[in-house]
Amino acid sequence: MEKQHKRRVRYSGTHPKSYKEKYKEHNPEKYADTIERVIRKGGTPAGMHISICVNEILDFLKIKPGMIGLDATLGYGGHTKAMLQCLEGQGHIYALDVDPIESAKTKERLEKQGFGDDVLTVRLQNFADIDLVTKETGKKFDFVLADLGVSSMQIDNPDRGFSYKVDGPLDLRMNPLKGTSAAERLKEITQEELVGMLIENADEPYAEEIAATVMKWFKKGKDIETTRQMKEVIEEALVYVPKADREEAVKKSCARTFQALRIDVNSEFEVLYAFLEKLPEVLAPNGRVAILTFHSGEDRLVKRSFKQLKDEGIYSDVCKDVIRPSAAECVRNSRAKSTKMRWAIRS
């Protein structure tokens with residue numbers, strides 16, 4: 001029987017609005033002009049991620065052919081590709097990611113670009129377990145990179161629940177096949193615990209009001225299963241804010257609340273603690289590490305760890321001042337604005 005041709009889903013109007021309708025953005029090789037136009041306007045094409053501070057990272061890491069490296073957070077693979085190009089086919093990079101959906105896509109994409117198993121090993125593994133890589137391979141790393149940001153592919157895909165801007169399940173897990181979703185997490189914690197989470201993970205000034213409103217919804221038998229419902233909770237919690245300021249206050253509280261929930265369901269601080277603790281043991285003598293952070297809590301942990309280990313003589317040098325993306329990069333990629341880069345060199 002002849003297979004019937006299936007037409008592409010069309011969208012109304014001149015521009016696609018939903019994630020699934022942006023078929024051109026999802027095909028960068030075929031529609032390069034569309035991709036470039038989106039990037040030129042400061043946007044990130046759907047299904048893509050624009051790597052941040054690539055030049056600054058490469059300037060510091062000083063990668064040479066024959067070196068062994070680790071990309072602790074593979075993501076879309078932009079940083080990985082740039083580092084692989086520095087190796088010129090000699091050496092190897094191990095890349096870790098906990099997202100089974102995006103890591104498989106990235107591995108396939110890099111293979112098509114000529115970076116196969118001879119130079120790249122991709123592992124579905126949390127970067128808290130970096131020590132397992134060196135135990136299995138018997139090799140320490142000449143350079144390590146960790147980009148602690150959430151990939152744009154995850155943020156933009158409504159099925160993942162990372163953004164309040166489009167409706168989707170309130171999930172927020174890096175690996176949607178494991179652990180507890182944000183919706184489930186809200187059902188199992190107390191009001192006091194939720195207040196603490198919002199303050200500790202995001203410095204949320206309306207933590208008390210948001211937590212009280214969450215509990216009020218549950219007492220009334222109302223669900224908080226979707227990103228839109230979570231936004232409605234926050235709008236209700238901030239209803240007393242003066243009307244002129246309310247829209248901006250809700251927007252910022254939504255961003256902070258989603259950040260706090262994401263950090264909690266993925267145990268991000270615990271993972272970062274473990275990574276920083278094990279890092280010196282996986283670095284070769286004079287090995288270099290660069291870490292990109294995207295909020296103050298992460299940056300404080302990295303700064304404190306680097307300083308302490310330098311004082312103990314484990315690192316020979318650490319950056320004295322945080323490195324930020326250039327103004328030009330922030331214009332080209334608005335998601336770069338909150339980025340901070342810190343580095344350290346193993347003794």
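This is a predicted model: local features need pLDDT of at least 70, side-chain atom pairs count only at pLDDT 80 or more; totals for chains, interfaces and linings use all residues.
Trainee: Okay, are H9 and H10 parallel, perpendicular or oblique to each other?

Mentor: H9 covers residues 207-219 and H10 covers residues 227-237. Their axes come within 9 Å and cross at roughly 120°. Roughly perpendicular stops at 115 degrees and roughly antiparallel needs over 145. The angle falls between those limits, so H9 and H10 are oblique.

Trainee: How many residues in the contact of H9 with H10 are charged?

Mentor: From H9, the contact uses Glu209, Ile210, Thr213, Val214, Lys216 and Trp217. H10 brings Gln229, Met230, Glu232, Val233, Ile234, Glu236 and Ala237. Sort them by class and you get seven nonpolar and two polar, while the charged ones number four.

Trainee: Trp217 is in that contact. Which residue lies over the face of tryptophan 217?

Mentor: Look for a charged group sitting above the ring, 4.0 Å from the ring centre. The residue lying over that face is lysine 222.

Trainee: And which residue lies over the face of tyrosine 76?

Mentor: Here the distance to the ring centre is 3.8 Å. The residue over the face of tyrosine 76 is arginine 109.

Trainee: How many nonpolar residues are in the contact of H10 with H11?

Mentor: On the H10 side you'll find Thr227, Met230, Lys231, Ile234 and Glu235. They meet Val250, Ser253, Cys254, Thr257, Phe258 and Leu261 in H11. Three of the contact residues are polar and two are charged, and the nonpolar count is six.

Trainee: Last one: are H8 and H11 roughly parallel or roughly perpendicular?

Mentor: H8 is residues 191-202, and Met197, Leu198, Asn201 and Ala202 are its residues meeting H11. The two axes come within 8 Å and cross at roughly 95°. Anything from 65 to 115 degrees counts as roughly perpendicular, so H8 and H11 are roughly perpendicular.

Note on methods:
Residues are numbered from 1 along each chain as its sequence is written. Side-chain values use heavy atoms; hydrogens and water are left out. Axes are lines fitted to C-alpha atoms, for helices over the stretch in contact, and angles run from 0 to 180 degrees between N-to-C directions. Helices (H or I, at least four residues) and strands (E, at least two) are DSSP runs, numbered from the N terminus. Angles under 35 degrees count as roughly parallel, over 145 as roughly antiparallel, 65 to 115 as roughly perpendicular and the rest as oblique. Contact means heavy atoms within 4.5 Å. Ala, Val, Leu, Ile, Met, Phe, Trp, Tyr, Cys and Pro count as nonpolar, Asp, Glu, Lys and Arg as charged, and the others, Gly among them, as polar. A charge sits over a ring if NZ of Lys or CZ of Arg is within 6 Å of the ring centre and within 35 degrees of the ring normal.
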